[in-house]
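The following note is written for a colleague who is new to reading protein models. Please keep the sequence and the structure in view while working through the numbered points.

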Amino acid sequence: MAGNKTVDTEKLGTVFPESTPSVSSRLKAFRRQFHTVRATAGDTVHLPCRLSPETSTAAREVRWFKGTDCIEVFQVTVGSGCEGSGKLTLRDVKVTDSGQYRCEMLGEKKEEMSVIHLHVSEFKLVSRSEDVGKPSHVEPLKPTSKQQSSPDFGPHVFCGHDVTLPCYLSPETSAVAMEIRWFKGTDCIYLYLNGQVTEGRGYEGRVSMFTEELQRGNMSLSLRDVQRSDYGEYRCEVTHGGHRVKNDGVRIKEFKLFSLPENNHSLIPQPFTVHACAGNDVLLPGFLSPKTSAVAMEIRWFKGTDCLYLYQNGQVTEGRGYEGRVNMLTDELENGNVSLKLKVYQSDGGEYRCEVTYGKHKMENIVHLQIEAPVCLSEYFH
């Protein structure tokens, strides 16, 4: 059994209209809250029953039901200007605890405040082997959520390389007799059923699981020869004994080339503009993201269709008309810095393109060089 953890749904709230609601509409919004809570056997689960401050400031009796059985009764007080909570706590939940729970408040009249469907699974799926059997905090979906958010967890991979998408059963359980499906978006790309494997269209011969590891609950998927169309979100789904669970998803991410080394590249204007004066040196920026060594890569800088600088297998070739006035900071290649230093002529203004190739993977970045008036003290970025 997995270690105990807490599934706290207290943060689940009711979303009000943007306009200021009337008291009656707010009361109506507080009533009949619907939630779905998913947990794993051994968890501690908190089921919310939020009470509106407009209902009363007097003590109230709260009753919790599972189906038609009343399982707990207690008193709560809703103070003026604040909300009360009739939260029900279930510790060390079991699969048999799954079902519909209902919270009722008894005061001047009976009001049904919350209806919650609790789904308890024998196991869950985790993306890190070190998380198997470890307690973790589960954030259930809000009532207004229509789908899970897109996962950001996952590796950066170059085209043509291989990658493993991790997925493990927790607690450690044999998956040999289970039905296992891997999806990219809505397309099933791999199916393991009754010991037989079916590979999805476009993935034939490129996907496999480590079948000798299924006994230990390792359902990770190996994807070979990554193609540009393979970037995106993948999810694993396991069915066993009428129970179906999914992981949070894994994303295959692409290495890219940017004009700044910062993490938030969405703020970089395109094309990026560099200002300089004739006679000065200027740096045309280029950085691999995430940071990775470019020593073994092929790097080309172009102005228009003319290649003015080529770095290949540790050797450098300078383009015609640029001899002796272009170079890269080769000691910075290890950090993914492929910026080009240029001794500026008046005729050098225009668009420059950096192209970095690594096997089948190609990255590009555009930099615009603007030549300033004949007299300037220094070049600067804009």
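1. Strands (E, at least two residues) and helices (H or I, at least four residues) are DSSP runs, numbered from the N terminus. Two strands pair if DSSP finds at least two bridges between them. In the hairpin formed by strand 20 and strand 21, two residues lie between the strands, and Gly241 takes a positive phi near 60°.

2. The model is predicted: local features need pLDDT of at least 70, side-chain atom pairs count only at pLDDT 80 or more, and totals for chains, interfaces and linings use all residues. Residues are numbered from 1 along each chain as its sequence is written, and side-chain values use heavy atoms, with hydrogens and water left out.

3. The protein chain contains one helix and 34 strands. Of its 382 residues, 43% count as buried, where buried means under 20% relative accessible area, exposed means over 50%, and partly exposed lies in between (1.4 Å probe, protein chains only).

4. The chain exposes about 19900 Å², of which carbon and sulfur atoms supply 48%. Such areas come from the Shrake-Rupley method with a 1.4 Å probe; for residues, only the protein chains shown count as cover.

5. Contacts (heavy atoms within 4.5 Å) deserve attention too. Among those in the protein chain with a separation of 6 or more, 67% are between residues 24 or more positions apart.

6. Strand 20 (residues 232-240) is joined to strand 15 (residues 179-184) by six bridges, and the two run antiparallel. Here Trp182 has Cys236 in strand 20 as its bridge partner. Strand 20 also pairs with strand 21 (residues 243-246) in the antiparallel sense over four bridges, with Thr239 opposite Arg244. Three bridges link strand 20 to strand 22 (residues 250-254), again antiparallel; Gly232 has Ile252 in strand 22 as its bridge partner.

7. Which strands are joined to strand 27 by bridges? Strand 32 (residues 350-358) is joined to strand 27 (residues 298-303) by six bridges, and strand 28 (residues 306-312) by five; both pairings are antiparallel. Lys303 stands opposite Tyr352 in strand 32, while Arg300 has Leu310 in strand 28 as its bridge partner. The hairpin of strand 27 and strand 28 has two residues between the strands, and Gly304 there takes a positive phi near 65°.

8. How many disulfides (pairs of cysteine sulfur atoms within 2.5 Å) does the structure hold? The number is zero. As for individual cysteines, Cys70 is partly exposed, at 42% relative accessible area, whereas Cys159 is buried, at 5% relative accessibility.

Methods:
A disulfide is a pair of cysteine sulfur atoms within 2.5 Å.
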